[in-house]
Amino acid sequence: MTDQTQTALDDLPGDLLMWVLIISELLVFGAGLIVFLSVRITDPTGFAEAQNALNRTAAATNTIILLTSGFFAALALNLRQSRKRGGARVSLVCAALLGAAFLWIKGAEFASKAAQGIVWDTHPFFNFYFLLTGFHAAHVAAGVILLLLVAWRDHVGNIEDATAFWHMVDLIWVLLFPVVYLLQ
């Protein structure tokens, strides 16, 4: 007698452990954003003034870059499922290159802040800014490596895991961008 019962977990693409990682990372970033918003309430004027030192154009550009890279990651999975290995690999490399472009822009943004004498302890806003966006950048770097690894070892399951992780990175940025850069 076989069990015909199917759960929602059975429908998830990729490996369950990747989803455990994704959920735990979302919880960590969610907690960080909640604390950021809670501390912001204590000094809304100071946070708004500090926020005005950010480069919103660079952040908006990075948003477009990450969303486009997410498209290439999704395309890679679709191509690999259609047995188009070459196209899938090219799409994964494109997604990774866009991730590297994100990191380059973020690095330039951090360097600009340092050149202005703005560091993590300049104001509580910058403590959160560097912590949240720096931790996100570390995830982007890990995602770039992951995308390149699965471009090399392009099994469908590997691509499902990598693209799920990459979409988590996109989602986190879509939450960070308005809260850190735009919300006044």
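Arg89 is partly exposed, with a relative accessible area of 32%, where partly exposed covers the range between buried, under 20% relative accessible area, and exposed, over 50%, as found with a 1.4 Å probe and protein chains only. The model is a predicted one, in which local features need pLDDT of at least 70 and side-chain atom pairs count only at pLDDT 80 or more, whereas totals for chains, interfaces and linings use all residues. Residues are numbered from 1 along each chain as its sequence is written, and side-chain values use heavy atoms, with hydrogens and water left out.

Arg89 forms a salt bridge with Asp154, their closest N and O atoms being 3.1 Å apart; the term stands for a side-chain nitrogen of Lys or Arg within 4 Å of a carboxyl oxygen of Asp or Glu. This pair links distant parts of the chain, since Arg89 belongs to helix 4 and Asp154 to the loop between helix 5 and helix 6, 65 residues apart. Helices here are DSSP runs of H or I with at least four residues, strands are runs of E with at least two, and both are numbered from the N terminus.

Arg85 also forms a salt bridge with Asp154, and in this case the closest N and O atoms lie 2.5 Å apart. Because Arg85 lies in helix 4 (residues 85-115) and Asp154 in the loop between helix 5 and helix 6, the pair ties together parts that are 69 residues apart in sequence. Arg85 counts as partly exposed, at 40% relative accessibility.

The side chain of Arg80 meets that of Asp154 in a further salt bridge, at 3.4 Å from N to O. Arg80 lies in helix 3 and Asp154 in the loop between helix 5 and helix 6, so this pair ties together parts that are 74 residues apart in sequence. Arg80 counts as buried at 16% relative accessibility, and Asp154 is buried as well, with a relative accessible area of 3%.

Taken as a whole, the C-alpha atoms of the protein chain fill a box of roughly 65 × 40 × 20 Å along the principal axes, and 41% of the 184 residues count as buried. Among contacts in the chain with a separation of 6 or more, 79% come from residues 24 or more positions apart, a contact being heavy atoms within 4.5 Å. The protein chain exposes about 9,700 Å², of which carbon and sulfur atoms supply 69%, the areas coming from the Shrake-Rupley method with a 1.4 Å probe.
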